[in-house]
Amino acid sequence: MFAFDGGYDPGQASHTVLLELRRTIERHPAVQHASGEPPGQFIRVVATLDPAILGSEADEGTLTLRWYAGEAADADPEFVFHYSENSGFDCGWHHEPNPHVDGWAHYQERLSADDEYEYEAVSFDSLQPVPLLWGILDRLEIRLTDR
């Protein structure tokens, strides 16, 4: 994405990716509603899910997506796909600096809001937003089913 002066605009690039991720996630059968926040220049997408479709017994679940395209057009993105449910369980796949793992890619999880997160390094097949989203949704379903 380019700014009006012809330079790269990381805010616009991030918004464009989040707009596409919102459109994409709305097609998943577990998604009841998805919205970008704030309207007009997204910094996150929040999707309300039906956890039962993903294998959870919780009544409510939310998947929050954050995407930062980076300061340069060729920079690796920073992102978060973080799931939480009303049972207190939450987990997420992150690609950002974190002192708990080597490298940027990690999974974190806690069983209840009073627990500490447990972290593990992971890898992603793609850093392209849409394939990554589908892969994360597959991983989330596996995690919720195996819990």
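This is a predicted model: local features need pLDDT of at least 70, side-chain atom pairs count only at pLDDT 80 or more; totals for chains, interfaces and linings use all residues.

Student: Which residues touch the most other members of the largest nonpolar core?

Tutor: I25, L49, L65, W67, F81, Y83 and L140, out of 32 residues in that core. A nonpolar core here is a set of buried Ala, Val, Leu, Ile, Met, Phe, Trp, Tyr and Cys residues joined through side-chain atoms within 4.5 Å. Buried means under 20% relative accessible area, exposed over 50%, partly exposed in between, with a 1.4 Å probe and protein chains only.

Student: Which elements give two or more residues to this core?

Tutor: α1 (10–25), β1 (31–37), β2 (44–49), β3 (61–68), β4 (78–85), β5 (90–95), β6 (105–110) and α2 (129–146). The largest share, six residues, comes from α2. Helices (H or I, at least four residues) and strands (E, at least two) are DSSP runs, numbered from the N terminus.

Student: OK, back to Y83. What does Y83 touch?

Tutor: Leaving out residues up to four places away in sequence, its contacts (heavy atoms within 4.5 Å) include L49, P51, F89, C91, L140 and L144.

Student: Switching to the sheet: what's the strand order?

Tutor: β1-β2-β3-β4-β5-β6-β7, seven strands in an open sheet with antiparallel pairing. Two strands pair if DSSP finds at least two bridges between them.

Student: Which strands stand at the edges?

Tutor: β1 and β7 (118–121); each has a single partner strand, so one side of each has no neighbour in the sheet. From one strand to the next, the twist averages 15 degrees.

Student: How do the helices sit on it?

Tutor: α1 lies across β1, β2 and β3, at about 150 degrees to β3. α2 lies across β2, β3, β4, β5 and β6, at about 30 degrees to β4. Axes are lines fitted to C-alpha atoms, for helices over the stretch in contact, and angles run from 0 to 180 degrees between N-to-C directions.

Student: Last one: is H106 buried or exposed?

Tutor: Buried, because its relative accessibility is 0%. H106 lies in strand β6, and its side chain makes a 3.2 Å polar contact with that of N98. A polar contact is a pair of N or O atoms within 3.5 Å; within protein, one must be able to donate a hydrogen and the other to accept it, and residues adjacent in sequence count only if both atoms are side-chain atoms.

Conventions
Residues are numbered from 1 along each chain as its sequence is written. Side-chain values use heavy atoms; hydrogens and water are left out.
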